[in-house]
Amino acid sequence: MPPEWAYSDYRNPILIAWNWSFFPLDMLVSATGLTALYLYRKPSPAWKTAALVSLVLTFCSGMMAISYWAIRCEFDPAWWIPNLFLMIYPMFFIPKFWKGTFAIRV
C-alpha cells in the first residue's frame, strides 16, 4: 500500500499497537461468522447465536474505529466509509433476532 494511502502517524508505535489490538476482535468476528454459516447449513438452531455474536462484534469493531477517528478529528472517507459500513449493516439484522424473525431459543 502506498504511504499516501495510510492513515496519519501510521509508523507511530502506539498506533501500530492500536491497529494490532483489533486482531483478536477481527478473528472472533470471522470465527463466529463462519461458525454461523456452517451451523446454518447443517442445519442447527445454534447458528442464530453465532450470527448474533458475530453481528454485535462487527458493530463494535466499526464503532471502535469510528470513535478513534472522531476523537482525532480525522475525517478521511477512505477510513470512515468501511468502518461506518461495519457499524451500520449489523443494525439491519440484529433487531430481527429480537423481533422473532430469527428468534433465539435458549
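The questions below walk through a predicted model, one region at a time. In this predicted model, local features need pLDDT of at least 70 and side-chain atom pairs count only at pLDDT 80 or more, while totals for chains, interfaces and linings use all residues. Residues are numbered from 1 along each chain as its sequence is written, and side-chain values use heavy atoms, with hydrogens and water left out.

Q: How many disulfides does the structure hold?
A: A disulfide is a pair of cysteine sulfur atoms within 2.5 Å. Cys60 is partly exposed, at 26% relative accessible area. Cys73 is exposed, at 57%. Here buried means under 20% relative accessible area, exposed over 50%, and partly exposed in between, with a 1.4 Å probe and protein chains only. The number of disulfides is 0.

Q: How far apart are the end C-alpha atoms of helix 4?
A: Helices are DSSP runs of H or I with at least four residues, strands are runs of E with at least two, and both are numbered from the N terminus. The expected span of a helix is 1.5 Å times one less than its number of residues. Helix 4 covers residues 77–99, which is 23 residues, so it should span 33 Å. The ends agree with this, at 34 Å.

Q: Where in helix 4 does a kink of about 30° lie?
A: The bend at a residue is the angle between axes fitted to the seven residues ending there and the seven starting there. In helix 4, the kink comes shortly before the proline Pro95. The residue is Met91.

Q: Which helix do the buried residues of helix 4 pack against?
A: The buried residues of helix 4 are Trp80, Asn83, Met87, Pro90, Ile94 and Phe97. Contact means heavy atoms within 4.5 Å. The packing partner is helix 3 (47–71).

Q: Which backbone nitrogen does a side-chain oxygen of Asp76 reach?
A: Look at the start of helix 4.

Q: Which residue forms a salt bridge with Arg72 at 3.2 Å, N to O?
A: Side chains of opposite charge can pair when their charged atoms come close. A salt bridge is a side-chain nitrogen of Lys or Arg within 4 Å of a carboxyl oxygen of Asp or Glu. The structure holds 2 of them. This one joins Arg72 to Asp9.

Q: How many residues apart are Arg72 and Asp9?
A: The salt bridge of Arg72 and Asp9 links distant parts of the chain. Arg72 is in the loop between helix 3 and helix 4, and Asp9 is in the segment before helix 1 (13–20). They are 63 residues apart.

Q: Is Thr32 buried or exposed?
A: Thr32 is found in helix 2. Beyond its neighbours within four places in sequence, Thr32 is in contact with Ala50, Val53, Ser54 and Leu57. Its relative accessible area is 16%, so Thr32 is buried.

Q: What is the relative accessible area of Leu34?
A: Leu34 lies in helix 2 (residues 22–41). Leu34 counts as exposed, with a relative accessible area of 59%.

How values were computed
A polar contact is a pair of N or O atoms within 3.5 Å; within protein, one must be able to donate a hydrogen and the other to accept it, and residues adjacent in sequence count only if both atoms are side-chain atoms.
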